[in-house]
Amino acid sequence: MAEANGKSTGIARHGASRLPSVDVDSFNVELKDDEGFLGDRASKGAFRKILDAQRKPLKKNGDDPLGNKSAEAIGKSVLDEALLGDDIPAAALVIGAIEEFAQELAYVTQRFLKTKAWDDTERIVVGGGFRESRVGELAIARTDIILKSEGFKVDLVPIRSHPDEAGLIGCLHLAPSWIFEAHDSILAVDIGGTNIRCGVVETRSKKAPDLSKASVRESELWRHADDEPTREGAVKRLVKMLKSLISTAEAEGLKLAPFVGIACPGVINADGSIEKGAQNLPGNWESSKFNLPLSLIEAIPTIGEHDTTVLMHNDGVVQGLSEVPFMQDVERWGVLTIGTGLGNARFTNRRKEKEKEKDKEKDKEKDEKKEKKNKD
């Protein structure tokens with residue numbers, strides 16, 4: 001479990017609780033019950049288990065409308081087609097699995113909402129690979145209905161960006177805002193247990209200063225799970241991808257900032273080391289002798305004419321940060337990412353805080369003018 005312990009960590013440290021636009025109230029919370037981690041009840045694998053359990057009695061009679069493949073081997077597109085096709089039994093089977101999964105997700109979400117760190121949450125965005133399907137969208141919508149029917153005043157909505165790009169776009173919100181005054185793009189890295197994705201993210205801040213129009217200009221994907229590299233081999237491949245993207249950005253005339261944002265699984269320490277949660281990455285990333293940000297700075301000391309800055313945060317946090325421009329009508333909000341596990345983070349917008357400070361300053365100025373007028 002990782003919860004923010006105060007707001008004094010600044011905006012230039014890895015895994016910081018204070019970022020330019022939000023305070024990170026908590027992330028990577030590991031809730032448990034008698035059966036283990038609650039997140040396991042609302043993961044992508046959990047949905048597949050539910051679906052297979054419902055198919056089991058049908059298989060005995062040879063009546064399974066989804067065939068002989070296990071749910072793990074059935075693609076998302078096949079399940080989506082079953083929902084919309086003419087095979088009514090297949091559609092009913094998938095709908096039944098969606099309902100049971102939504103009940104599980106609602107239960108887990110309620111447990112989060114009852115924790116102190118998630119108190120007064122007004123909206124939750126749901127990302128991760130499960131969201132990018134009709135099945136996922138229906139499960140999210142059904143969970144939202146269940147929560148409201150049980151008296152929870154919170155909206156559960158799908159994340160706007162494609163899950164493959166949300167982790168890259170979110171890296172923009174790790175960077176201090178002054179970076180965008182002279183640059184129009186950054187390098188971003190999204191590290192997962194199966195893939196490493198790198199990209200050049202355009203701020204498009206002239207069209208939208210709040211970064212709501214930001215987009216991934218170029219990206220490269222490496223499925224490291226297929227190659228089973230060593231930790232050093234993975235870093236070497238990551239450096240190669242970043243250097244390739246730097247060359248592409250320069251060739252296309254982009255004003256690339258000397259900044260690399262990284263989304264990485266686990267609890268990220270202020271010095272860039274990983275405390276825990278990186279067990280699915282190639283090699284031992286939790287070693288005290290390993291520091292990915294420092295490794296990248298050594299390999300890429302400058303970008304353009306400036307020294308390279310690298311900032312790393314938890315992948316669930318960064319994916320949630322892609323929603324910052326669209327969360328300005330609420331104060332407290334969270335993110336759940338449904339993938340191999342259930343990533344989570346809760347945020348409080350700093351915009352409200354800044355507005356309060358400005359109001360206090362204005363009130364102070366008014367009082368001073370009033371006092372001066374009375375003296376005159």
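**A buried residue and its surroundings**

Mentor: I191 is buried, with a relative accessible area of 1%, where buried means under 20% relative accessible area, exposed over 50% and partly exposed in between, for a 1.4 Å probe and protein chains only. This is a predicted model, in which local features need pLDDT of at least 70 and side-chain atom pairs count only at pLDDT 80 or more, while totals for chains, interfaces and linings use all residues. Residues are numbered from 1 along each chain as its sequence is written, and side-chain values use heavy atoms, with hydrogens and water left out.

Trainee: In which strand does I191 lie, and which residues does I191 touch?

Mentor: Contact means heavy atoms within 4.5 Å, and residues up to four places away in sequence are not counted for I191. Strands (E, at least two residues) and helices (H or I, at least four) are DSSP runs numbered from the N terminus, and I191 lies in strand 7. The residues that I191 touches are I196, I262, A263, C264, P265, L281, W285, L292 and D315.

Trainee: What is the order of the five strands in the open sheet, and which are the edge strands?

Mentor: The pairing in this open sheet is mixed, and the order is 9-8-7-10-15. The edge strands each pair on one side only, and they are strand 9 (215-222) and strand 15 (309-314).

Trainee: Which strands does helix 7 lie across, and which does helix 8 lie across?

Mentor: Helix 7 (residues 231-251) runs at about 145° to strand 9 and lies across strand 7, strand 8, strand 9 and strand 10. Helix 8 (residues 292-299) runs at about 155° to strand 15, and the strands it lies across are strand 7, strand 10 and strand 15.

Trainee: Why are helix 7 and helix 8 described as oblique to each other?

Mentor: Axes are lines fitted to C-alpha atoms, for helices over the stretch in contact, and angles run from 0 to 180 degrees between N-to-C directions. The axes of helix 7 and helix 8 come within 11 Å and cross at roughly 50°. Angles under 35 degrees count as roughly parallel, over 145 as roughly antiparallel, 65 to 115 as roughly perpendicular and the rest as oblique. Helix 7 and helix 8 are therefore oblique to each other.

Trainee: Which strands are joined to strand 16 by bridges, and how many bridges join each?

Mentor: Strand 16 (residues 332-338) is mostly covered, with six of its seven residues buried. Strand 5 (residues 123-127) runs parallel to strand 16, and five bridges join them. On strand 17 (residues 342-349), which runs antiparallel to strand 16, the number of bridges is seven.

Conventions: Two strands pair if DSSP finds at least two bridges between them.
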